[in-house]
Amino acid sequence: EHPAAKMLIEVAKTQEKEVGDGTTTAVVIAGELLRKAEELLDQNVHPTVIIKGYQLALEKAKEILEEISKDVNPEDKEILKKIAMTSLTGKGAEKAREKLGDIVVEAVTTVVDEEGKVDKDLIKVEKKEGASVDETQLIKGVVIDKERVNPQMPKKVENAKIALLSCPIEVKETETDAKINITDPAKMIEFIEQEEKMIKEMVDKIKEAGANVVFCQKGIDDLAQHYLAKAGILAVRRVKKSDMEKLAKATGAKIVSNIKDLTPEDLGEAGVVSEEKVAGDSMIFVKECKDPKAVTILVRGTTEHVVDEVARAIDDAIGVVACTIEDGKIVAGGGATEVELAMRLRDYADTVSGREQLAVRGFADALEVIPRTLAENAGLDAIEMMVNLR
């Protein structure tokens, strides 16, 4: 209920959305700025003066950051990996951070577009417990948590030609409520045969286009499953819309909303589409795509809790590497940047006239909460460390 608490929650949420990591840092600094402001209020400094002083310090801090930051070349995978590993530290994923760092960098650099922007939605993180974290893998393609619709279908299709359908493979209900009276048994057979024929035509159309794998967003009729299995086509039904979009990006296929319009040009390609058992559940792997613009990280861990932790850590690392590629700048970690800022802001405070200089000093002191907290968390003497750092 507390307005200040609400504000801190918003700080964390925004940081998570924009950057993907650094939420704790953002909250700790915000909290410390509030604490310093309270001290100043106790000394009868007016709130507007504090705000003005904080604004001045903020502008100066941004200038200093520009000055002390290093440029990063997005091609430099070594640096990107270090950044990913920094982000993975302290989140229960340290053991495998070398490997996870490589995976994250590989994933992000694969989905970068021409303008150097990264859409994090194109990296799908699929979680499955029952193996060690080291078995986490990057699939150049998409993993879908479904199985093939019919056991008669092939389990593995190589050189897959993939059709993506957003329409069901079944006989359409009529638009209006229609009632059909059948008086003659022969007519009944005709009616059933006609329905079968319509479904067969749909499957033939898919076959004609040259598809040997079908992902369908809606349902697939039992009879259609039978015909598809006979044609040796692997089909998956009720695939999520978001997964369909990732499949389109990974394989280069177009999502088709009417089977009649399906042409060979609409099909996507993948080296292998296979159904594999992971932790007792069947999943469909679409891999070895030529130029995938979407990838999947299959996160493994011994228990559900571990998998969730690792997936969270990977999410953060993806965010950080994506930001680095987009911004192209980094600063040193471990609280070094904050101490440097604090020192330069104190020098700057001496040049500010009036009571605002107290607020600038307060801002500088607040930044030192980061190295201080790191020292405490590492079991070191915080005061001694701060003196040495300065």
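Residues are numbered from 1 along each chain as its sequence is written, and side-chain values use heavy atoms, with hydrogens and water left out. Because the model is predicted, local features need pLDDT of at least 70 and side-chain atom pairs count only at pLDDT 80 or more, while totals for chains, interfaces and linings use all residues.

Across the whole structure, 30 salt bridges were found; a salt bridge is a side-chain nitrogen of Lys or Arg within 4 Å of a carboxyl oxygen of Asp or Glu. Side chains of opposite charge can pair when their charged atoms come close. Helices (H or I, at least four residues) and strands (E, at least two) are DSSP runs, numbered from the N terminus. Glu275 is buried, at 10% relative accessibility, and Arg148 is buried at 15%. Buried means under 20% relative accessible area, exposed over 50%, and partly exposed in between (1.4 Å probe, protein chains only).

A salt bridge also joins Lys287 and Glu276, with an N to O distance of 3.0 Å. Lys287 is in strand 10 (residues 281-287) and Glu276 is in strand 9, eleven residues apart. Lys287 is partly exposed at 23%, as is Glu276 at 28%.

Within helix 6, Lys197 and Glu201 lie four residues apart, about one turn of the helix. Their side chains form a salt bridge of 3.9 Å, N to O. Lys197 is partly exposed, with a relative accessibility of 46%, and the value for Glu201 is 46%.

Glu201 is also one of the residues that line the second largest pocket, among them Cys167, Met198, Lys205 and Ile259. On a 1 Å grid over the protein atoms alone, a pocket is an open set of points where a 1.4 Å probe fits, with protein on both sides within 12 Å along at least five of seven lines; lining residues have an atom within 4 Å of a point. The pocket has a volume of about 400 Å³, a volume being the space filled by probe spheres set on the points. Its lining consists of five nonpolar, two polar and five charged residues.

A nonpolar patch on the surface is formed by Ile180, Ile182, Met188, Phe191 and Ile192, with about 420 Å² of accessible area together. Such patches are made of residues with over 30% relative accessible area and no salt bridge, nonpolar side chains being joined within 5 Å. Ile182 lies in the loop between strand 5 (156-165) and helix 6 (185-209), and is partly exposed at 34%.

Two residues other than glycine have a positive phi: Asn44, near 65°, and Asn159, near 45°. Asn44 is in the loop between helix 2 (23-42) and helix 3 and is exposed at 63%. Asn159 is in strand 5 and is exposed at 58%. Val49, in helix 3 (residues 47-68), is buried at 18%. The C-alpha atoms of Val49 and Gly354 are separated by 9.2 Å, although the two are 305 residues apart along the chain.

How values were computed
Nonpolar A, V, L, I, M, F, W, Y, C, P; charged D, E, K, R; others polar. Patch = residues over 30% accessible without salt bridge, like charges linked within 9 Å, V, L, I, M, F, W, Y side chains within 5 Å. Areas by Shrake-Rupley, 256 points an atom, 1.4 Å probe, with all protein chains shown as cover.
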